Amino acid sequence: MACIYGDVMKMDTTGASEKTAKQDNLTVQGVDASHMLAQHDLNRMNKYRDLIIRVGRAHQMDPAVISGIISRESRAGAALTDGWGDHGNAFGLMQIDKRYHNPMGEWDSEQHVSQGTQILIELINEIKRKFRDWPKEHQFKGGIAAYNFGVKNVQTYEHLDVGTTGNDYSSDVVARAQWFKQNGF
(Lines give C-alpha, C1' and ligand atoms only; values in the text may rest on other atoms or scores of the structure.)
Protein backbone atom coordinates (compact mmCIF):
# COMPACT_ATOMS: atom_id res chain seq x y z
CA MET A 1 0.00 0.00 0.00
CA ALA A 2 1.34 3.41 -0.94
CA CYS A 3 1.82 5.91 1.82
CA ILE A 4 1.70 9.52 0.62
CA TYR A 5 3.84 10.72 3.54
CA GLY A 6 6.95 8.72 2.67
CA ASP A 7 8.47 5.26 2.73
CA VAL A 8 9.26 3.95 6.21
CA MET A 9 11.77 1.52 4.70
CA LYS A 10 13.82 4.50 3.42
CA MET A 11 13.99 6.18 6.83
CA ASP A 12 17.25 6.12 8.74
CA THR A 13 16.98 4.92 12.32
CA THR A 14 19.16 4.18 15.30
CA GLY A 15 16.37 2.20 17.01
CA ALA A 16 15.74 1.90 20.73
CA SER A 17 17.87 3.41 23.45
CA GLU A 18 19.20 1.28 26.29
CA LYS A 19 16.44 2.71 28.52
CA THR A 20 13.69 1.65 26.09
CA ALA A 21 15.27 -1.78 25.54
CA LYS A 22 15.23 -2.40 29.30
CA GLN A 23 11.38 -2.53 29.17
CA ASP A 24 11.82 -6.15 28.10
CA ASN A 25 15.12 -6.69 29.94
CA LEU A 26 16.98 -6.75 26.63
CA THR A 27 20.77 -6.73 26.67
CA VAL A 28 20.93 -5.16 23.20
CA GLN A 29 19.88 -1.72 22.06
CA GLY A 30 19.38 0.01 18.72
CA VAL A 31 17.52 -1.45 15.76
CA ASP A 32 17.92 -5.03 17.06
CA ALA A 33 16.21 -4.05 20.32
CA SER A 34 13.37 -2.29 18.48
CA HIS A 35 12.83 -5.38 16.35
CA MET A 36 12.77 -7.60 19.44
CA LEU A 37 10.27 -5.28 21.18
CA ALA A 38 8.04 -5.35 18.10
CA GLN A 39 8.32 -9.13 17.91
CA HIS A 40 7.32 -9.39 21.58
CA ASP A 41 4.15 -7.42 20.72
CA LEU A 42 3.30 -9.42 17.59
CA ASN A 43 0.74 -11.82 19.09
CA ARG A 44 -1.22 -8.94 20.61
CA MET A 45 -0.77 -6.81 17.47
CA ASN A 46 -2.16 -9.57 15.25
CA LYS A 47 -5.51 -9.10 17.02
CA TYR A 48 -5.65 -5.58 15.54
CA ARG A 49 -3.98 -6.29 12.19
CA ASP A 50 -7.09 -6.04 9.98
CA LEU A 51 -8.31 -2.94 11.81
CA ILE A 52 -4.89 -1.24 11.43
CA ILE A 53 -4.76 -2.08 7.72
CA ARG A 54 -8.28 -0.67 7.19
CA VAL A 55 -7.37 2.56 8.98
CA GLY A 56 -4.10 2.80 7.05
CA ARG A 57 -5.91 2.47 3.73
CA ALA A 58 -8.56 5.01 4.73
CA HIS A 59 -5.92 7.60 5.66
CA GLN A 60 -3.21 6.63 3.12
CA MET A 61 -0.94 5.90 6.09
CA ASP A 62 1.40 2.92 6.21
CA PRO A 63 -0.17 0.34 8.57
CA ALA A 64 3.34 -0.58 9.70
CA VAL A 65 3.83 2.96 11.05
CA ILE A 66 0.52 2.79 12.91
CA SER A 67 1.68 -0.55 14.31
CA GLY A 68 5.04 0.90 15.32
CA ILE A 69 3.29 3.65 17.28
CA ILE A 70 0.88 1.20 18.91
CA SER A 71 3.79 -1.05 19.88
CA ARG A 72 5.76 1.86 21.35
CA GLU A 73 2.84 3.64 23.04
CA SER A 74 0.90 0.77 24.62
CA ARG A 75 2.74 -2.46 23.77
CA ALA A 76 -0.40 -3.34 21.77
CA GLY A 77 -2.51 -2.84 24.87
CA ALA A 78 -0.36 -4.75 27.37
CA ALA A 79 0.84 -1.56 29.13
CA LEU A 80 -2.70 -0.23 29.72
CA THR A 81 -5.07 -0.41 32.66
CA ASP A 82 -8.70 -0.30 31.54
CA GLY A 83 -7.49 1.32 28.31
CA TRP A 84 -5.50 4.06 30.05
CA GLY A 85 -1.78 4.76 30.43
CA ASP A 86 0.51 7.66 31.34
CA HIS A 87 -0.93 8.01 34.85
CA GLY A 88 -4.49 8.18 33.48
CA ASN A 89 -3.74 10.93 30.96
CA ALA A 90 -3.45 8.90 27.75
CA PHE A 91 -6.11 6.67 26.24
CA GLY A 92 -6.05 3.61 24.05
CA LEU A 93 -3.68 1.71 21.85
CA MET A 94 -2.27 4.94 20.42
CA GLN A 95 -2.26 6.77 23.79
CA ILE A 96 -4.25 9.86 22.85
CA ASP A 97 -3.60 12.46 25.56
CA LYS A 98 -6.86 13.71 27.10
CA ARG A 99 -5.15 17.01 28.01
CA TYR A 100 -4.89 17.90 24.29
CA HIS A 101 -7.57 15.82 22.56
CA ASN A 102 -11.00 14.38 23.26
CA PRO A 103 -10.40 10.60 22.95
CA MET A 104 -13.01 8.89 20.78
CA GLY A 105 -14.25 5.31 20.68
CA GLU A 106 -13.24 2.35 22.81
CA TRP A 107 -9.56 2.05 23.69
CA ASP A 108 -8.96 -0.64 21.06
CA SER A 109 -11.54 0.39 18.44
CA GLU A 110 -11.19 1.36 14.81
CA GLN A 111 -12.53 4.80 15.72
CA HIS A 112 -9.70 5.25 18.25
CA VAL A 113 -6.96 4.09 15.84
CA SER A 114 -8.42 6.34 13.16
CA GLN A 115 -8.31 9.32 15.53
CA GLY A 116 -4.69 8.59 16.50
CA THR A 117 -3.74 8.23 12.83
CA GLN A 118 -5.43 11.53 11.99
CA ILE A 119 -3.52 13.24 14.80
CA LEU A 120 -0.27 11.79 13.38
CA ILE A 121 -1.14 13.07 9.90
CA GLU A 122 -1.89 16.57 11.25
CA LEU A 123 1.51 16.58 12.97
CA ILE A 124 3.30 15.41 9.81
CA ASN A 125 1.61 18.21 7.88
CA GLU A 126 2.68 20.77 10.51
CA ILE A 127 6.27 19.50 10.28
CA LYS A 128 6.08 19.77 6.47
CA ARG A 129 5.10 23.44 6.82
CA LYS A 130 7.76 24.10 9.47
CA PHE A 131 10.58 22.33 7.58
CA ARG A 132 9.72 22.76 3.89
CA ASP A 133 13.27 21.91 2.78
CA TRP A 134 13.44 18.56 4.59
CA PRO A 135 13.14 15.45 2.40
CA LYS A 136 9.78 13.68 2.60
CA GLU A 137 11.03 10.87 4.86
CA HIS A 138 12.58 13.39 7.28
CA GLN A 139 9.26 15.27 7.49
CA PHE A 140 7.48 11.96 8.12
CA LYS A 141 9.91 11.01 10.88
CA GLY A 142 9.64 14.53 12.33
CA GLY A 143 5.87 14.05 12.52
CA ILE A 144 6.40 10.78 14.39
CA ALA A 145 8.64 12.58 16.91
CA ALA A 146 6.01 15.32 17.24
CA TYR A 147 3.43 12.64 18.08
CA ASN A 148 5.43 12.16 21.28
CA PHE A 149 6.48 15.69 22.23
CA GLY A 150 4.82 18.23 19.96
CA VAL A 151 5.77 20.16 16.84
CA LYS A 152 7.38 23.03 18.78
CA ASN A 153 10.01 20.64 20.16
CA VAL A 154 11.12 19.44 16.73
CA GLN A 155 14.11 21.70 16.05
CA THR A 156 16.67 19.88 13.89
CA TYR A 157 16.72 16.56 12.12
CA GLU A 158 20.13 15.70 13.55
CA HIS A 159 18.79 15.94 17.12
CA LEU A 160 15.21 14.92 16.34
CA ASP A 161 14.65 12.68 19.34
CA VAL A 162 16.39 14.79 21.98
CA GLY A 163 13.70 15.39 24.59
CA THR A 164 11.36 12.62 23.43
CA THR A 165 10.58 9.79 25.83
CA GLY A 166 13.82 7.78 26.09
CA ASN A 167 15.46 10.25 23.66
CA ASP A 168 14.67 7.69 20.95
CA TYR A 169 10.95 7.93 20.16
CA SER A 170 10.91 8.40 16.37
CA SER A 171 13.93 6.14 15.78
CA ASP A 172 12.38 3.38 17.87
CA VAL A 173 8.96 3.74 16.22
CA VAL A 174 10.56 3.70 12.75
CA ALA A 175 12.63 0.59 13.53
CA ARG A 176 9.56 -1.18 14.94
CA ALA A 177 7.52 -0.09 11.90
CA GLN A 178 10.19 -1.48 9.56
CA TRP A 179 9.96 -4.80 11.40
CA PHE A 180 6.14 -4.81 11.20
CA LYS A 181 6.37 -3.95 7.47
CA GLN A 182 8.54 -7.03 6.94
CA ASN A 183 6.09 -9.13 8.95
CA GLY A 184 2.78 -8.57 7.20
CA PHE A 185 1.60 -5.13 8.28
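**Exercise 1. Work out the order of elements and how compact the fold is.**

Reading from the N terminus, the protein goes α-α-α-α-β-β-β-α-α-α, with helices (H or I, at least four residues) and strands (E, at least two) being DSSP runs numbered from the N terminus. Next, size: the radius of gyration, taken over C-alpha atoms, is 15 Å, close to the 16 Å that the globule rule gives for 185 residues, so the protein is as compact as a globular protein of that length. That rule is 2.2 Å times the number of residues to the power 0.38.

A word on the source: this is a predicted model, where local features need pLDDT of at least 70, side-chain atom pairs count only at pLDDT 80 or more, and totals for chains, interfaces and linings use all residues. Residues are numbered from 1 along each chain as its sequence is written, and side-chain values use heavy atoms, leaving out hydrogens and water.

**Exercise 2. Find how α4 and α5 meet.**

Start with the axes, which are lines fitted to C-alpha atoms over the stretch in contact, with angles from 0 to 180 degrees between N-to-C directions. Those of α4 (residues 63–74) and α5 (residues 110–130) come within 11 Å and cross at roughly 105 degrees. The two are therefore roughly perpendicular, a label for 65 to 115 degrees. Now the contact (heavy atoms within 4.5 Å): α4 brings Val65, Ile66, Ile69 and Ile70, while α5 brings Val113, Thr117 and Leu120.

**Exercise 3. Decide whether α7 is covered.**

Count buried residues (under 20% relative accessible area, 1.4 Å probe, protein chains only): 12 of 13 in α7. Among them are Val173, Trp179 and Phe180. Their cover includes α1, α2, α4 and α6.

Key:
Angles under 35 degrees count as roughly parallel, over 145 as roughly antiparallel, 65 to 115 as roughly perpendicular and the rest as oblique. Buried means under 20% relative accessible area, exposed over 50%, partly exposed in between (1.4 Å probe, protein chains only).
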